[in-house]
Amino acid sequence: MDRSGVGGRPGPGRRGAAAPPRGRAGRVPAVREAGRRRRWSAGPQGRRRDGLDPRLQPRRSPGLRPVPRAVVAPRVRSRHPPLRRRGAGAAGAADRAARPGSSLPRPAGGRHPGVPADLDRLRCRRDAGADLPRRALNAAGSPALHLRFVRPWDQRDVSIPSLIPTPAVVGHRGASGQRPEHTLDAYRLAIRMGADDIELDVVPTKDGVLVARHDASLFATTDVAEHPEFADRRTTRVIDGDELDDWFVEDFTFDELRTLRARERFRKVRRANTTYHGQLLIPSLDEVLTLVALESTFLDRTVGVLIELKHAAHYAEQGLDVVAPLLATLRDHGVDHERSRVMVMCFEPTVLRQIAAQSTVGIIQLLDKKGRPADLAAAGEKIRYADLLTPAGLSAIREYAQGIGVHKELVLERDEDGRTSGVGRVVTDAHSAWLTVHVWTLRVENRWLPLELRSDDRPGHHGDLAAEARMMLDAGVDGLITDNPDIVLAARADHLSAGRAASVPAPPRPPRRVRTAR
């Protein structure tokens with residue numbers, strides 16, 4: 001059996017050397033030294049650009065496969081020229097320490113912090129991009145995620161200002177601008193409008209069932225005052241430092257709450273919603289998740305859920321645990337993991353750290369424009385929300401959360417007259433810490449709009465909510481929590497179409513040539 005190599009090359013079982021093959025002009029390829037590869041100069045059929053004989057190249061290991069184009073890791077690009085590589089010694093360490101943001105820590109679990117786990121459509125490698133250089137910051141100082149199109153005939157890098165390709169539109173308490181808040185009708189309407197996610201607040205009942213209510217009290221959003229059988233339940237209680245004289249959810253069982261009917265909170269501003277009084281029940285978290293699953297199947301798209309825990313420290317003092325029933329309900333619906341479209345939010349860091357230690361579900365830390373978290377205030381700590389908005393505070397939040405939810409006036413600041421005065425640094429600082437930013441709450445009524453976007457002096461009349469939404473998108477937010485998803489969805493479509501029209505396709509790149517050392 002002939003064991004010689006290709007083209008007369010001596011095989012592993014023979015001694016001596018066979019005559020080397022001749023090229024086009026009859027010349028013999030030159031051999032530099034023993035053990036080195038020959039420089040091949042044969043005809044075009046067996047020639048490579050680098051001048052190496054393809055038959056003499058080492059074979060690729062069968063265990064290694066090329067990475068498909070669809071799962072190429074996220075790349076970063078900057079308008080500025082590439083930075084020169086610094087040394088690894090003391091001078092280089094001092095230079096890196098002098099420039100914050102040059103080295104971002106890898107988060108726990110190795111997950112890419114810039115891409116939320118629920119965005120399967122990105123199809124990016126989730127273990128890449130955690131330690132990005134300063135080139136990851138765009139001209140505005142915030143990280144820019146760049147995705148590569150899969151089509152080989154049209155490869156372009158697309159730059160977006162936020163950490164996700166399409167900022168999410170979240171129905172705040174459902175479509176609460178058109179239906180009474182925290183009802184199944186409000187959630188269903190928001191989903192049918194096209195909202196990417198719905199937001200709901202949960203509080204526990206006397207028997208430990210989590211129900212969808214924004215407040216611990218019931219008078220503002222239910223008809224509890226019209227039920228004489230519950231007249232003796234009215235009491236005075238201090239919740240998060242505020243003294244309230246009302247009926248409270250923790251004094252009712254879930255079956256008793258089912259006898260109540262939901263009402264519109266802003267009756268003078270949203271009079272059209274008062275026509276639904278006496279018709280809508282108070283749903284539980286289990287019912288809301290079931291509705292979302294059914295609507296997702298019906299519409300053939302996955303709808304996300306943002307669950308906000310209310311007054312967790314207060315309920316812990318009352319002996320009511322909110323973490324265990326929450327995780328149990330999420331587990332029953334199969335959404336208690338990081339790949340689900342469910343995220344948990346709260347203003348209190350303590351309960352969020354507890355959830356992060358027991359589950360991998362996504363977490364968002366809520367931050368207000370003033371005050372301090374109720375759990376930290378009850379513990380005697382003087383940490384304010386403003387302290388959590390500093391780079392050091394955001395780094396501490398990154399230890400247990402993947403994003404923050406901030407008051408909209410922290411993104412678009414206002415002056416004393418109520419006009420928009422500028423863009424704050426919260427989005428830039430949060431993106432530098434690889435935290436997504438959701439902003440709350442966008443409402444169409446003049447009462448909640450900046451002065452320049454109001455239609456008149458009547459607080460219940462509608463102003464230019466679409467303009468405010470576009471301003472928020474220009475500021476780089478990753479999610480818009482709104483009572484009017486239909487208006488914000490149209491504003492987002494206009495914003496994205498304007499961005500696509502402004503982008504110019506890059507010319508095709510010439511084929512890369514590899515030079516060989518002579």
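Among contacts (heavy atoms within 4.5 Å) between residues at least 6 apart in sequence, 63% join residues that are at least 24 apart. What you have on screen is a predicted model, in which local features need pLDDT of at least 70 and side-chain atom pairs count only at pLDDT 80 or more, while totals for chains, interfaces and linings use all residues. Residues are numbered from 1 along each chain as its sequence is written, and side-chain values use heavy atoms, with hydrogens and water left out.

Switch to a cartoon view, where the secondary structure comes to 14 helices and 15 strands; these are DSSP runs numbered from the N terminus, with helices (H or I) of at least four residues and strands (E) of at least two. Of the 518 residues in the protein, 44% are buried, where buried means under 20% relative accessible area, exposed means over 50%, and partly exposed lies in between (1.4 Å probe, protein chains only).

Now select residues 465-474, which form helix 13. How many of its ten residues are buried? The answer is seven, so described as a helix that is mostly covered, and among the buried ones are L465, A469 and M472.

Next, turn to pairs of charged side chains. Side chains of opposite charge can pair when their charged atoms come close. A salt bridge here is a side-chain nitrogen of Lys or Arg within 4 Å of a carboxyl oxygen of Asp or Glu, and by this rule the count comes to 27.

Select R341 and D197, which form a salt bridge with their closest N and O atoms 2.8 Å apart. This pair links distant parts of the chain, 144 residues apart, with R341 in the loop between helix 6 (323-332) and strand 9 (342-346) and D197 in strand 4 (residues 197-204). R341 counts as buried at 18% relative accessibility, and D197 counts as buried at 6%.

Move on to D215 and R265, whose side chains meet in a salt bridge (2.9 Å, N to O). Because D215 lies in the loop between strand 5 (210-212) and strand 6 (235-239), and R265 in the loop between helix 3 (254-257) and helix 4 (285-299), the pair ties together parts that are 50 residues apart in sequence. D215 is buried, with a relative accessible area of 18%.

Then select E256 and R233, which form a salt bridge with the closest N and O atoms 3.0 Å apart. E256 lies in helix 3 and R233 in the loop between strand 5 and strand 6, so this pair ties together parts that are 23 residues apart in sequence. E256 is partly exposed at 21% relative accessibility, and R233 is partly exposed at 22%.

Centre the view on E181, which sits in the loop between strand 3 (168-172) and helix 2 (184-193) and is buried, with a relative accessible area of 5%. Leaving aside its neighbours within four places in sequence, E181 is in contact with several residues, including R173, H214 and T221. E181 and T221 are 40 residues apart in sequence and 8.1 Å apart in space, C-alpha to C-alpha.
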